[in-house]
Amino acid sequence: MKISPKMKKALNDQTALEAGASNTYLAMASWSEITGYEGSAAFFYVQAEEERQHMLKFIHYLNDMGVSATIPGTKSPTSSFKSLETIIKTALNNERIVTNAIHKMVEIAQKEKDHSTYAFLEWFVNEQVEEERKFETILQKFDLIGRDKLAINEIDKILNGMSVTPDVAGTA
Ligand code: FEO
């Protein structure tokens, strides 16, 4: 059972994308913390951890397939943001980029009849549906509750309620 060089590159690129996502969420968490949005900070620290778990899944999969994973270096993410709404919009946009990359890999797996990678990617396809939906739901709150200080405080509390620590074994 072997994966093609093309698939190997795509999986390694994805490892880097997940590492970048983790760092971006870390920057968002840190900004939220310093800005006084405690709920958002808790939420994004958990998101950062989730993305790290995603990165690990790709590393383990590559190694399981007998291909050494390339441990990615990442660019420093921006650390200044305009508002809570802006970071949620940016996060949704980033998730859409990840979804596209996952779907492209699924297409490569289908073309190459690479059933192992296809099965491995299925979890990520479902995960991305949830991730996008999560950020879309949060964004809707700004329209529903508002954008004044009280509304933002309310949304921050909602984010706190959504900050559930992921399964550290990377199985969730
Ligand atoms: Fe691992 Fe949220 O993409």
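Where is Leu-26 found? Leu-26 lies in helix 1, residues 5-35.

1. Basis. This is a predicted model, in which local features need pLDDT of at least 70, side-chain atom pairs count only at pLDDT 80 or more, and totals for chains, interfaces and linings use all residues. Residues are numbered from 1 along each chain as its sequence is written, and side-chain values use heavy atoms, with hydrogens and water left out. Helices are DSSP runs (H or I, at least four residues), numbered from the N terminus.

2. Leu-26. Leu-26 counts as partly exposed, at 40% relative accessibility. (Buried means under 20% relative accessible area, exposed over 50%, partly exposed in between, with a 1.4 Å probe and protein chains only.) Leu-26 touches Tyr-45 and Ala-48, leaving aside residues up to four places away in sequence; touching means heavy atoms within 4.5 Å. From C-alpha to C-alpha, Leu-26 and Ala-48 are 5.5 Å apart, yet 22 residues apart in sequence.

3. Helices 2 and 4. The axes of helix 2 (residues 38-64) and helix 4 (residues 115-145) come within 12 Å and cross at roughly 170 degrees. Axes are lines fitted to C-alpha atoms over the stretch in contact, and angles run from 0 to 180 degrees between N-to-C directions. The two helices are therefore roughly antiparallel, a term for angles over 145 degrees.

4. Ser-163. Ser-163 sits in the segment after helix 5 (149-161). Ser-163 is buried, at 18% relative accessible area. Ser-163 touches Ala-42, Phe-43 and Val-46, not counting residues up to four places away in sequence.

Conventions: Parallel < 35°, antiparallel > 145°, perpendicular 65-115°, else oblique.
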